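Reader: I am new to this structure and would like to learn how to read it. Please give the general idea each time, and then the case at hand.

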Amino acid sequence: MKKLLVVMAAIFFPAFAVAGMDNEATVENLLQRLKSKSYESAWSSVNKLADFPREKERIVPALIEALGYEWEACTGDIRQDIAYSLAELKAKEGVFPLLALLKRGADTSHTCAECGCCFHAISIGDAFEERNLDPFCENGVLKAIDQLAGFSHSKAIADLISEGKHRTELLITLGKVGLPRYAHFLSRYRNDNNAEVRRGVAIALGLIDNDEVSVPVLTGYLSRPGEEFLVRWDASDSLIKIGNRRDTPGLRMRMMDLLEKPDDTASGLAGRVLARLGDERGLVKLRELARRGDREAILYLGEAGDMGARELLVGKLKEENLAVRAFAMFSLGRIGDASIIPLMKEAYDDSVKLTKTLAMKRKQGKSEQDLVARYGYPHGDLEILQATLYEAIDSIVKRSSPLPPSTGNPIDRK
């Protein structure tokens with residue numbers, strides 16, 4: 001038996017040692033290629049180094065040093081992939097060097113590869129998802145900073161924001177990692193001329209834990225008639241986040257006040273906030289607006305899963321306005337069951353007939369503007385309606401037989 005153990009040790013232990021030596025040799029080779037002036041060689045090595053987390057102590061310093069290299073081409077793309085690798089290796093020590101890269105205005109842009117952010121909305125569900133701002137999609141350096149940063153990086157991030165560098169993205173990251181006092185700093189930019197920056201403020205104030213500052217600013221966005229819709233939308237999202245963290249009576253009172261506003265956008269978004277917080281008063285307001293044909297209210301009823309709005313939404317499938325029909329289909333996909341599917345198919349078939357009427361009216365000289373005002377879409381836009389129908393049916397089927405959730409990487413290369 002003893003002789004057998006000696007033989008086994010002779011077989012297996014060298015195998016482990018050889019594997020370790022192979023890894024070391026591979027990493028050493030990749031690190032040498034990283035220093036190459038050839039962008040193909042350097043880029044290829046960057047994409048492989050994160051596969052060796054056990055060699056992190058050797059790899060991370062080399063990646064950080066490489067942030068300062070310049071290649072004959074594609075330097076911004078390589079830096080983005082370096083940032084992705086640092087994030088995959090959970091190398092928090094890379095945050096300050098990445099911030100320094102932004103501070104000196106070094107190239108971090110895509111020049112050789114597509115960013116992968118292009119998205120063509122073909123259904124109401126797609127358009128709904130498009131509202132969610134992903135400012136990190138086009139820049140891996142900013143995305144890695146957002147993934148790795150902690151409260152100790154707050155001042156360096158705030159300094160870059162003050163300098164006007166990447167404000168939208170860094171405001172969101174600061175909202176995520178900053179101490180509550182930074183809410184005052186974030187709110188300084190609430191009236192920035194750039195709507196994207198204001199969106200950053202709206203999102204950031206929903207992340208930071210300072211309701212006394214956040215709620216009034218976010219409510220101000222909701223109630224500001226001239227404000228961009230997506231800024232107001234993000235503000236409503238943040239108010240929902242705050243309300244879900246803790247029951248804030250002041251927040252609900254402010255939303256109740258907005259329900260009475262003559263501005264349907266403000267009252268609808270306030271109703272959305274209350275509905276998502278489980279407050280029946282929000283649903284009552286949304287149903288009222290939906291009965292009048294307000295598309296957003298129809299959308300929010302489905303988002304909130306309001307079973308009490310089922311018959312109201314079924315009725316909207318017969319609306320002359322095809323956009324209203326599409327929004328109703330989307331929401332019924334969220335709350336309906338299999339019995340709804342024939343009604344939605346019938347509404348679509350009727351819409352096909354209606355588009356023929358549209359074509360005749362167009363030949364008779366009716367203006368496109370008048371037709372869109374009455375029927376919702378130019379040329380009927382059956383593609384949107386059909387895609388929304390399929391999406392709604394798919395949603396109902398999936399709810400009837402749910403699939404296990406999929407898993408993904410915490411940070412994906414674009």
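Reader: Is Asp279 buried or exposed?

Author: Buried means under 20% relative accessible area, exposed over 50%, and partly exposed in between, using a 1.4 Å probe and protein chains only as cover. Asp279 has 8% relative accessibility, so Asp279 counts as buried. This is a predicted model, in which local features need pLDDT of at least 70 and side-chain atom pairs count only at pLDDT 80 or more, while totals for chains, interfaces and linings use all residues. Residues are numbered from 1 along each chain as its sequence is written, and side-chain values use heavy atoms, with hydrogens and water left out.

Reader: Which side chain does Asp279 meet in a salt bridge?

Author: Side chains of opposite charge can pair when their charged atoms come close. The term salt bridge is used for a side-chain nitrogen of Lys or Arg within 4 Å of a carboxyl oxygen of Asp or Glu. Asp279 meets Arg281 in this way, at 2.7 Å from N to O. Arg281 is partly exposed, at 41% relative accessibility.

Reader: How many salt bridges does this rule give?

Author: The count comes to 32. In one of them, Arg246 pairs with Asp211, and the closest N and O atoms are 2.8 Å apart. The two residues lie 35 residues apart and link distant parts of the chain: Asp211 is in helix 12, and Arg246 is in the loop between helix 13 and helix 14. Asp211 is buried, with a relative accessible area of 13%, whereas Arg246 is partly exposed at 35%. Asp209, Asp211, Arg245 and Arg246 are linked in a network of salt bridges. Another salt bridge joins Arg252 and Asp247, at 3.2 Å from N to O; Asp247 is exposed, with a relative accessible area of 57%.

Reader: How many helices and strands does the protein have?

Author: Helices (H or I, at least four residues) and strands (E, at least two) are DSSP runs, numbered from the N terminus. The protein has 22 helices and zero strands. Take helix 15, residues 264-276, as a case. The expected span of a helix is 1.5 Å times one less than its number of residues. For the 13 residues of helix 15 that gives 18 Å, and the end C-alpha atoms are 18 Å apart, which agrees. Helix 15 is followed by Gly278, which has a positive phi, near 85°.

Reader: How many residues of helix 15 are buried?

Author: Helix 15 is mostly covered, with 10 of its 13 residues buried. Among them are Gly268, Leu269, Arg272 and Leu274. The buried residues pack, through contacts (heavy atoms within 4.5 Å), against helix 12, helix 13, helix 14, helix 16 and helix 17.

Reader: Which residues have the most contacts inside the largest nonpolar core?

Author: A nonpolar core is a set of buried Ala, Val, Leu, Ile, Met, Phe, Trp, Tyr and Cys residues joined through side-chain atoms within 4.5 Å. The largest has 117 residues, and Ile82, Leu86, Met255 and Met344 have the most contacts inside it. Helix 19 (residues 322-335) gives the largest share of this core, eight residues. A second, separate core has five residues, including Leu322 and Tyr375. Leaving out residues up to four places away in sequence, Ile82 touches Val46, Leu63, Ala66, Leu67 and Trp71.

Reader: What share of the 414 residues counts as buried?

Author: For the protein, the share is 48%.
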